Amino acid sequence: MTANQTPMVSKAEAAWGTGLPDWVRELACLADRRGLNVCAKQIGFSPATLSQTIANRYPGNLPKVEAAVRGALMGETVECPILGDIGRHTCLGWQAKKRAVTNAIRTQVFQACRSGCPNSHLKGGNNA
């Protein structure tokens, strides 16, 4: 890091002020340690999305980013009606998968995610 670069934690503190959420601080800390590209791969969002989140300028679904960070970096789990206890970020990954009629588990998860699962962030879901 050069002298002109602002560490991500400082960027987050400046952008969020005293209301800096714990999960944004965790994200910024990892970004400082390992870089945004590593964070993006681990969390499942683009480096641009994570940078905008740290800067409190992300115009998209912030609760979805929060859920992914809490699952991937903070160990948060949810109870999936089909798969049991899984990481929050893993749950989001399953929600994004298309239906596969050749795979019974994937079909069951697909249907559960779209049938009122309390963990769903899909449009029309309980957490959307």
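The largest cavity is lined by C80, P81, C91, W94, V109, A112, C113, C117 and N119. Here a cavity is a set of points on a 1 Å grid over the protein atoms alone where a 1.4 Å probe fits but cannot get out, and lining residues have an atom within 4 Å of a point. About 60 Å³ of space lies in this largest cavity, a volume being the space filled by probe spheres set on the points, which are joined across faces, edges and corners. The count comes to 1 cavity of 30 Å³ or more.

Which helices supply at least two residues each of that lining? They are α6 (88-96) and α7 (104-113), with α7 giving the most, 3 residues.

A word on the source: this is a predicted model, in which local features need pLDDT of at least 70 and side-chain atom pairs count only at pLDDT 80 or more, while totals for chains, interfaces and linings use all residues. Residues are numbered from 1 along each chain as its sequence is written, and side-chain values use heavy atoms, with hydrogens and water left out.

Now step back to the whole chain. It has 7 helices and 2 strands, which are DSSP runs numbered from the N terminus (helices H or I, at least four residues; strands E, at least two). Along the sequence they follow the pattern α-α-α-α-α-β-β-α-α. The C-alpha trace spans about 55 × 25 × 25 Å along its principal axes. Of the chain's 128 residues, 38% count as buried (under 20% relative accessible area, 1.4 Å probe, protein chains only).

Definitions and conventions: Buried < 20%, exposed > 50% of the residue type's maximum accessible area, 1.4 Å probe, protein only. 1 Å grid on protein atoms, 1.4 Å probe; cavity = no way out; pocket = protein on both sides within 12 Å on 5 of 7 lines; lining within 4 Å.
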